[in-house]
Amino acid sequence: MKLSLNWLNDFLPLHSVPLESVIEKINTSICEIDDIEEFQHHLNSVITAKITFIEKHPNAEKLQVTKCTDGKNTHQIVTGATNVNVGDIVPLALPGTKLDGKEIQASELRGVPSAGMYCSEKELGLALSSSGVMILPASTELGISIRKHLHWEDTILTIDNKSITHRPDLWSHFGFARELSSQLNLPLSFEPLKTEENFKEGNNGISVVSNDNAHAYYVTSIPGVKIAPSLPKFKSRLEKCGIRSINNVVDVSNYLLLEVGQPTHFFDQSKLVSKEFKVDFAKQKESFPLLDDSSPELTDETLLIRNGKDPVAIAGVMGGKESAVNDSTTDLVMESAVFKRENVRKSIRKTGIRSESAVRYEKGLDSHTCLPVIKRALHLLRENGVEGASAFQPQGFNHTSSKKEIIQTSLSFLVKKLGKQISFSEVKSILEKLGFTVASKDEENLEVEVPKFRHNYDVTIPEDLVEEIGRTIGYASISTLPLSLAVETPIRNPLRELERRVKAFFSANLSFHEVYNYSFSSLSDSGIEGAKENTILAIANEMPEEHSVMRASLFPGLIKQAASNQDRFDTVNLFELGRTYHKEGKKEELASEKRWMGFISLSGAKPNDLYAIDSELSELRQKISELFSVLNLKGGEWKKEGHVYLHPNASLSYVLESETIVEFGILHQRFADQFDLKKRAFVGKIDMLKLSEVWEKWGRKAHFKIPSSFPQGQLDLSILLREEEPTEKYLSLVQGLKIPEMDSSWVHTIFRGESLGEGKKSVTYRFKLMSYDKTFTQERFKELSDELVKLAKDSGFQLR
C-alpha cells in the first residue's frame, strides 16, 4: 500500500516532525515500511517555459529552431515537434535530466546549439502514447518544475501489506493519520467522516431489500451530474498511489477508498432496469460482464448486487460493465456497503479477482462508516467539478450499528503480560489516545470499550490490549529478564523416546536419510497396500487429485522421493516417520491414526542380477534385526508372509511377542514400474505403536552380561534348501538346542546356480559362539559342529 505524506498532512501537522522520526515510529510501533521515495524526483529539472520565437532550421527541413523563457532566462531549443506555436507553455527538460534512462544533454543539431528538449506526455510518463509536445494551460506559472505543476512534489511511503493485514483501519490515509496522531501526540486537524451534509427529501424511487447477506447496505440517488476530467489535486493523488484517473465521478470513489478505506461504487442510473437493489447470491454458472472486461462463471457461493433480477456487481469485488459510469452519464446511484469478509474471500477465490475494494473488505470493515462516507462523497464531488451535487435520502439497512466490543481486564494482568511496571494513569492515557474508552472504579479492574474502527476481529481479548500498550511505549523499553519457571520432572513419552532411538539407528548405523512427505495422497496411491476405497479418508475441501485423500500408506511418498533421486546418487536410502489415516468402524466414528517408520533402499545391483539382489536383501534384513538388539529386545523371528505390495518370493514379517512389528521385502515390480523406478527397491515399515508396547514392557529390563574375557568363536554351515523353503526354519531348530555358547545366528549368504539343480538354493548360516568360563578348544568346536550337522541331517536337510 502506498501513502502520500502530503495527503497525510491534510489530517495532522506531520510536517512539524522530522521525517526520520516519523519513519522510526512507524517501523517500531505500527508496521514495516518497504520503501521511501520522492515521487518522480527525476522531473525536478523539467520546468515550465513559454515559447517566444520559432523559425525553420537552416540545415534541416524537419527541424525548427525555437526560443523560450522560464521567466528569468532564455533557452534555445531545436525541436522536431510540429504542434508548438509562439505563446505556448510547454515542459522543458534542461540538460542533465534523465528520461526513459537517457540523459538530456546540451548539443548541436545540424550546426545549431540546443539547450534541452520539449517533452511529450509519453516522455513524462503521463500517457502510453502521444502525438507531440505537451501543451500546458495558458495560466501555468513559468519557471516551476513540472513536479510542482502536476502536484507531484511528494514523498511516498510503501507499506508492507503483510504487516497490516490484521488492521483494516490502517488501509487508508485518514486511518493511518489517526494512528500517527496517537503515536506522535499530534492533534487531528480534520476528520473526513465528520463532514456535514443535508440530503434531499424522499428517495427518488430507490429501494433496498433488507436481508442478512450483508452487515450494511445503502444506496442513494444523485441526479444532475456532468462527467468531466478530474481536477489536478484528485488526479495527482490517485496517480501517486498507483491508481489511474478516469473521470470526476469514478475518481471520487477511488479517492474515498484511499482517504477513508471505505469502498463505494457509482452506477449510471439510466442503465439500471429497476430502482430496487438486493444483496443476493449468484446462481450456479451465472455470469455477466465486469469492468475489467471479464465474465467469470460464478458459483452459488458468490455474493452479488442485483438491480431487480439483473446482477450489476460482484459484492465487494467489482462492478458490472453494463451499468458503469461513462461520459454521457447524468444521474448516479451511489452504493455504500459493508459485506461479510467470509463472503468476499470466497468471491475472490472463485473469480480470481483481487481488487482494491476486495482487499479491504476481506479484512473485516465496520459498518459505522457507510452513511458518513456518502456525505463525504457529495462534498468531494462538488470539489472535483460536479457543481451542485446533492443526494436523496439514502435507503438501506445496517444490522451491526449497535455492536459493541467491551473487554474486561485488570492492571495486574496487563503488567504481568507486559513484563514492565506501568501505572493506571499511563494505561488509561495510552488507550484513550488510541481511541479506546476506559472505565474503572478502583484503578485495578478495567472495562475497555474498543473503538468501532477496531472492534471487528482486531482487538477482542485482553491480550490485544497488552499489544497496544507495548507497541506504544516501545518494546525496546521493556527490560529483558530471565524466565522464572518451576523446575519439574518432565512427563515421559515412551513413544517419542523410541522414535528418537529408531531414527538414530537408521541414520547412524544404516546411513539412511530422513525425509518428510505430505500427509495427503491421491486415491490410487493410497491403495498400494490394498486399502479399500471405503476405508480411505477423503478431504472435504477442494484439493488437486494428487492431494485429495489422507494417506493410508507411507510408501508412495518414499517411492517418489527415491525415484526423483535415483539418477543423482549412487545409493538411495530413505526413511520417514509419519502417520497414516484409516476409516474403520461405523460411519460417524472418527478415523484412526497409525504411526509407522517407513523405509526404502534402492539396490546397487542390476535389476536382473537376482543373486546379488538376494544377497543385498539378506544383508539388509540382518541389519534391521540388529535394531532389536539395540532396543534390548530378544526372541523375535523373521517369517515368510505375503504382502500385496511386496514380491511374493521376497515378502517377510518380523514377529515379536506374537505381534507383527516389521513388514519387509522387495517392492512388487508393478509398483516399481508405476513409479518409474529403474532399480529393485527394498521397502519396509515398522509399526511404531506395537513396537512401543513391546519395548516398554521388555526393552527397559536389564539384560546385562559381564563381557567375556575369552575370545569368541565362529562357525559356518551350508545346507541345501528347496527354493520355496524359508531360511529361518533351520535357525529355529538351532535355537531349540539351547547351546550355552551360542551367542547369535543368522543367514550369511544365499547362493543359486546350475550346479545346485533347478529349484534349489544353498544357504550359509553363521553362528557366533561365546564362552564365559573357559577358552574354546578344538574338541569343543568339533562337538558343536557335529551337533549342528547332526541336527541338519536329522531334520532332512542336505549338507553342502
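**Exercise 1.** With the side chain of which residue does the side chain of Glu286 make a polar contact?

*Solution.* The model is predicted: local features need pLDDT of at least 70, side-chain atom pairs count only at pLDDT 80 or more, and totals for chains, interfaces and linings use all residues. Residues are numbered from 1 along each chain as its sequence is written, and side-chain values use heavy atoms, with hydrogens and water left out.

Step 1. Locate the residue. Glu286 belongs to the loop between β16 (276-281) and β17 (303-307). Strands (E, at least two residues) and helices (H or I, at least four) are DSSP runs, numbered from the N terminus.

Step 2. Classify its exposure. Buried means under 20% relative accessible area, exposed over 50%, and partly exposed in between (1.4 Å probe, protein chains only). Glu286 is buried because its relative accessibility is 15%.

Step 3. Identify the partner. A polar contact is a pair of N or O atoms within 3.5 Å; within protein, one must be able to donate a hydrogen and the other to accept it, and residues adjacent in sequence count only if both atoms are side-chain atoms. The partner of the Glu286 side chain is the side chain of Arg306, at 2.9 Å.

Step 4. List the surroundings. Contact means heavy atoms within 4.5 Å. Apart from neighbours within four places in sequence, Glu286 is in contact with Pro296, Glu297, Leu298, Leu304, Arg306 and Pro311.

**Exercise 2.** Why is strand β36 described as largely enclosed by the rest of the structure, and which strands pair with β36?

*Solution.* Step 1. Count the buried residues. Strand β36 covers residues 760-769, and eight of its 10 residues are buried, so the strand is largely enclosed by the rest of the structure.

Step 1. Find the pairing strands. Two strands pair if DSSP finds at least two bridges between them. Strand β34 (residues 713-722) pairs with β36 in the antiparallel sense over 10 bridges; here Arg722 stands opposite Lys760. Strand β35 (residues 742-751) also runs antiparallel to β36, through eight bridges, and Val747 has Tyr765 as its bridge partner in β36.

Step 2. Consult the record. An unreviewed UniProt entry annotates residues 708-800 as "domain: FDX-ACB"; UniProt positions are given in the numbering used here, feature names are shortened, and annotations may be inferred rather than shown by experiment. This span is 29% helix and 34% strand, and its end C-alpha atoms lie 33 Å apart.

**Exercise 3.** Which residues touch the most other members of the largest nonpolar core?

*Solution.* Step 1. Define the term. A nonpolar core is a set of buried Ala, Val, Leu, Ile, Met, Phe, Trp, Tyr and Cys residues joined through side-chain atoms within 4.5 Å.

Step 1. Name the residues. The largest core has 91 residues, and Phe176, Tyr217, Phe277 and Phe339 touch the most other members. Helix α9 (residues 370-383) gives the largest share of this core, seven residues.

Step 2. Examine one member. Beyond its neighbours within four places in sequence, Phe176 is in contact with residues including Met1, Leu3, Ile26 and Ile159.

**Exercise 4.** Is Asn185 buried or exposed?

*Solution.* Step 1. Asn185 lies in the loop between α4 (173-184) and β13 (207-209). Step 2. Its relative accessibility is 53%, so Asn185 counts as exposed. Step 3. Its phi is near 55 degrees, a positive value in a residue other than glycine.
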